[in-house]
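Hi,

Here is the structure I promised to pass on.

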Amino acid sequence: MAPVLSSSPETLVTRGWSDYALLDCGDGRKLERYGRYTVVRPEPQCFWKAHDESAFERANAMFDPQQEEEDSGRWRFDAHGPIDAFPLKWRDVRFMGRFTPFRHLAFFPEQAANWEWLDARVRTLEQPKILNLFGYTGVASLACSAAGAHVTHVDASKKSVAYARENAELSGLSDRPIRWLVEDARKFVAREVRRGSKYDGIILDPPKYGRGANGEVWRLFEDMPELLKDCASLLSDDASFLLLNAYAARISGLSLAHMMAEATHDRGGRIDWGELALSEDGPDARAIGLSFFARWSA
């Protein structure tokens, strides 16, 4: 039986928590608070005017993009100088914020909407086996682990997996059943299919482009459909979910949903889809759409 595809999109909105807030946005930038630091990063979607331009000038750190490449550039810091890695928290998960060369701070705050959904979903299950592909620095893996899951975390970057293990230690979760694997996601999944492995939930948050541990090239539009089908075949008979999140200018939540429907065509269940957004606080809050998702759930 084919899954039921939601007829309308959903916007999952992340608002501020104790260690993060979108303070202001506009003029192609966003002003955010990470712990006790304020940070300015480019955001082309913010066509409107900022509420308080002077607040941007007082930020502790600002990312200067390199020409037209908004993801590459350099950080400028205030008079106190460069900022080392610093601790942050989301619910039971603790992790380090880091000023990376790619304008990000070693996690994606809009993903808190997905973390919340995963936390609630995992807590309804009895020690589920969860696979997190392209797991980066591990916040989603740790959210699932804290909720009671057995987690397999896969990322092609040795540095990212090392950061994820450090975040597990910081969260007091290093003794939980988590496998940390530095490997190309496609090769790992293909091997798991041959082994007949099964998972109760799978998370995919792939980049648009990337390189594997041994020089493998990942291209979202070319490689995602086949990988998603292989992931669907890894779902156990009573699996709970398959969650796909993607960032790319040419993609949409609806296109992800149709790809998900093709991969899970015989599993029944439901497919929800839409957009993840970050929102300012307050009565006149504005929100920025930052990524798209599709998720199959039983």
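Starting with a helix pair: the axes of helix α6 (residues 220–233) and helix α7 (residues 253–263) come within 9 Å and cross at roughly 45 degrees. Axes here are lines fitted to C-alpha atoms, for helices over the stretch in contact, with angles from 0 to 180 degrees between N-to-C directions. Helices are DSSP runs (H or I, at least four residues) and strands are E runs of at least two, numbered from the N terminus.

A bit of background: this is a predicted model, where local features need pLDDT of at least 70, side-chain atom pairs count only at pLDDT 80 or more, and totals for chains, interfaces and linings use all residues. Residues are numbered from 1 along each chain as its sequence is written, and side-chain values use heavy atoms, leaving out hydrogens and water.

Back to the pair. Met224, Pro225, Leu228, Lys229 and Ala232 of α6 meet Met259, Met260, Glu262 and Ala263 of α7 (contact means heavy atoms within 4.5 Å).

Helices α2 (residues 112–122) and α3 (residues 139–146) also pack, at about 25 degrees with axes 8 Å apart. The α2 side of that contact is Trp115, Leu118, Asp119 and Val122, and α3 brings Val139, Ala140, Ala143 and Cys144.

Lastly, Ser6 sits in the loop between β1 (4–5) and β2 (10–14). Ser6 is buried, at 11% relative accessible area (buried is under 20%, exposed over 50%, partly exposed in between, with a 1.4 Å probe and protein chains only). Leaving aside neighbours within four places in sequence, Ser6 contacts Arg270, Ile271, Asp272 and Trp273.

Cheers
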